[in-house]
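This briefing is meant for a reader who is meeting the structure for the first time. Please look over the sequence and the model below before turning to the notes that follow.

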Amino acid sequence: MAIKDHIELIVPRYHNAIEDWQNKNFPDINLLKKYWHKHFPDEEYQLCARTNTIKNELIIQGKHAGHKKFTRAREMKGSMLYQALRIIKAQCSTELGSIQQHADTVDSSVSDYAKFSVLRIMAEELRHAYQMFWVLSHDPTWASTGDKKISNNIMEELLSMGTGSHVLDAFNIEFTDSLDNITFAALIDRVGKFQLSMQEEFAYSPMSASMKPMLREEAFHLKTGWTVLKEICEQAALGEGKWTLDDVQRKINVWYPRALEMFGSEEGGESNIQFCFKTSTNKEAIEGYINEVEWLMSSFNTAIHKARDPSLSKEALRKLSQEDRVLTLPSAKFLRIRSGELIQDSTYDLDGKKIKLEKYIDYLKTVLPEKFMGTKFFTDYASRFNQIKAA
Amino acid sequence: MESQFINCVIHDEVAVLELDDPSANTLTYHLLRELEDRFLCLEGNPNIKGIMFTGKGEKFFSGGVNIGMLLTAGEKHNSHFILYAAEVLDYIQSSEKFVVAAINGNITGGGLELALISDHRLSVEGDYNIGFPEVRLGVIPGMGGTQRLSRLVGPQVALELITKGEFVSPKNAKKIGLVDKVFKQENFKERALEYAQYVARNVPANHYKGYEAYDEIAAQQVVDGLVTTEIFNGIGSIKLTAKTFDTHPMSVLIAMNDALLSFRIDEDIHAVLIDLNDGAINGVDTEHSLAESKCCPLLMRYARHVFSRIDGYPRIVGLYSQRILNDLEFELALACDYRFVKIDDQLANDKQTLNQDSPSLARFEKILPNKTDECPLNELVESGFYTSVHSSDGVAWALDWLHQFVPPMGAGQAIGYAKLSITRGYQGPLSAGLMLERHLQEQLFVAQDAKEGMSAYVEKRTPNFCGA
């Protein structure tokens, strides 16, 4: 039998601050609340923190393996404490950032269901942010670092972030149309699922106890991304709908590299294992993610071929989908914009072949959405090329 | 002692301290606290002649100060952290034990500053980074790096290394004199240890004579209950409670040091009062304590390290007593900024012993001219060394007196910096003091309190300082 979540509210100061943030960044929450039961009759929504049982009472790996999971922040010291704070901050930043991104384009969704699904995703992301605020605010021992305001400062900083100032690049890109909402849910939220799953064993138990309810909600986000994007692909295969398959491919070309970057450097993640914040290294997590996304692409390709010829047998469909991959994943080297890396070393095409620096921006124009090229994120990126050329 | 970040293994006369904080063995407040405690234990062990630092794993000796910590913690915490880190490094460098850094991998920023305080730097061959990248982060090596590096490799080489923020290989580090020896990768740590043991064998047997074994005391850290702390409207009170000779003075000093450090990183505390009314550093028997400290250089050394922390504490520190102080306590009084004493007729003529060999007496050369080894308390009050307390509750009186330094009445940061400029500036040449003064003033002019103070002056109102 499933164990019910334990529900808590955070201190009024931050509860009210999140509600203010919600009114400013997510006014459509009222519309969602009004029609919630029409679209999602079996679910309830409440802005609150939810915790549930943890998988293991003991820390399963690393430096503190065998020790009881830490219930108080003051039990974590040194790099461990600051790394825990960084992960919580990054997690919360992704939740708030995605709401700000979704808000711009949710109105132009392909259907009423798609629109309310995205609004539900936004509401649940807000609850996840609330959850991280609970992790930071319910435990007064974060102040054991000597900086009494350390967790308060992080919460204030999070509330002041906007698109462009979030921790991870994927959350600093403005959406240009509602295809972004859906591609983002399909590709970026799947990274979220990986991160949350890895954090189920987090050595600080308030964090690990937060993961089960968050993962349950994340499943709806993945389902929305998958089903709605599949629907868009089917319509596009017939020449119907708002978008073409080329549009979809270009969106994938934007978001897939961002998704890979969210895992961090392929060589990194060792300390997260040592502190038992995550259960896989970055490389292992990336490999798992790529496997899942390849399956996702395969399901889209199958849907496209089936839409084009509904009479195809299952076997013929499978064979055709393998031979004629309409949608593909770019090479893992394509458009990686990692800080600390020289930009001239990042000029790879979709197949992973190196392209000359001076030709790269022109090449990108042929494979990325036109509107994306006008975003601040991309113009900043392009200006770095110009600086190098000028130098 | 519970080990979280420093693994300590003793091999004959050499103790190996291995930094262990995955994945880059970065320096955090917790790691340095453990390092300071651990070093103190080893110093008190006369059988240990040398101490070797190294890093756990093969990739890093240390990646320097934990940037994540600096980004997450507040500005005040960070400035106190840097001050604290510099103090720990100064303390280790001034030790009579010889110190070896076995550089097993990347060593950058604060990690290299730790190696620079060592007497010998041994590195493993390989393709890794040695250097100070601080300027690339918009800061400078601030724990002695600019000073110690320029004295080691010469100012020109130091300038190039630090201003470019570039790294050198172990081979080039050897060439410029930054490391003394480069060993092959195979069994590097064992080879470095053999080298350290070879040096240890050459230390004369009686080199550490007089150093009593305080490792047990420090290791047990029996400091609970030796001081109590409280906060009264922005003033931190440290009350010594040890009364008998059963308590070792080292334990009291460790407890007091802990309290001072926790107050220093608390941005809501703007002044500190050390209360000797109900306790003492070593009982109240002056002669006994004097004899003890003279036969134990380590006790005096550690005491002066703690007192120097008060001297460089960027806040006003007061001391309250109502009796004659023993020699350690008098050293403490010399390090404090204001001294309060409650005396009656009998106590007024009692004589306080002045440690004429104390380096801190220089601060009082104009206040205590021509004083002999002993001086009646009433004369110390008349000279201005002590402020006399006229109240039945002397501690409350002293706390109330210190409130003038606490916001909103006092501009806490300006007061702390004025103190630093005087106490630290006075210790070096005039040019260094002037430079320190200008630097502190520059920082204060952008502070909120400076704007408030000047606005209040123009508007002819009482300033409302916030301490920032």
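Predicted model: local features only at pLDDT ≥ 70, side-chain atom pairs only at ≥ 80, totals over all residues.

In chain A, helix α10 (residues 282-308) packs against helix α11 (residues 314-323) at an angle of about 120 degrees, and the two axes are 9 Å apart.

**Helix pairs in chain A**

- Where α10(A) passes α11(A), the crossing is right-handed.
- On the side of α10(A), the residues that make this contact are Ser298(A), Asn301(A), Thr302(A), His305(A) and Lys306(A), while α11(A) brings in Leu317(A), Leu320(A) and Ser321(A).
- Sorted by class, the residues in the contact of α10(A) with α11(A) comprise two nonpolar, five polar and one charged.
- A further pair consists of helix α3 (residues 79-105) and helix α6 (residues 178-198) of chain A, which pack at an angle of about 165 degrees with their axes 9 Å apart.
- Because angles over 145 degrees count as roughly antiparallel, α3(A) is described as roughly antiparallel to α6(A).
- The crossing in which α3(A) passes α6(A) is left-handed.
- From α3(A), the contact draws on Thr94(A), Gln101(A), His102(A) and Thr105(A), and from α6(A) it draws on Ser178(A), Asp180(A), Asn181(A), Phe184(A) and Gly192(A).
- The residues of the contact between α3(A) and α6(A) fall into one nonpolar, seven polar and one charged.

**Domains of the two chains**

- For chain A, the domain assignment gives domain 1 (6-329) and domain 2 (338-391).
- Taken over C-alpha atoms, the centres of domain 1 and domain 2 of chain A are separated by 27 Å.
- Twelve residues from domain 1 of chain A and ten residues from domain 2 of chain A take part in the contact of these domains.
- On the side of domain 1 of chain A that touches domain 2 of chain A, there are two nonpolar, four polar and six charged residues.
- For chain B, the domain assignment gives domain 1 (6-201), domain 2 (222-405) and domain 3 (412-458).
- The C-alpha centres of domain 1 and domain 3 of chain B are 32 Å apart.

**Contact between the chains**

- Chain B has 19 residues in contact with 20 residues of chain A.
- On the side of chain B that touches chain A, the elements that give two or more residues are α1 (29-43) and α2 (67-72) of chain B.
- The residues on that side of chain B are divided into seven nonpolar, ten polar and two charged.

**A sheet in chain B**

- In chain B, six strands form an open sheet with mixed pairing, and their order is β1-β2-β3-β5-β7-β10.
- The edge strands, each of which pairs on one side only, are β1 (6-11) and β10 (181-183) of chain B.
- From one strand to the next, the twist of this sheet averages 20 degrees.
- Within the sheet, strand β3 (residues 50-55) and strand β5 (residues 98-103) of chain B run parallel and are joined by four bridges, and Gly50(B) stands opposite Phe98(B) in β5(B).
- Helix α1(B), which is one of the elements of chain B that give two or more residues to the side touching chain A, lies across β1, β2 (14-19) and β3 of chain B and runs at about 20 degrees to β1(B).

Key
Residues numbered from 1 in each chain as written. Chains lettered and ligands numbered in written order. Axes fitted to C-alpha atoms, helices over the stretch in contact; angles between N-to-C directions. Left-handed = near helix turned anticlockwise from the far one by under 90°. Contact = placed C-beta atoms within 7 Å. Nonpolar A, V, L, I, M, F, W, Y, C, P; charged D, E, K, R; others polar. Pairing = 2+ DSSP bridges. Domains from an automatic or database assignment. Parallel < 35°, antiparallel > 145°, perpendicular 65-115°, else oblique.
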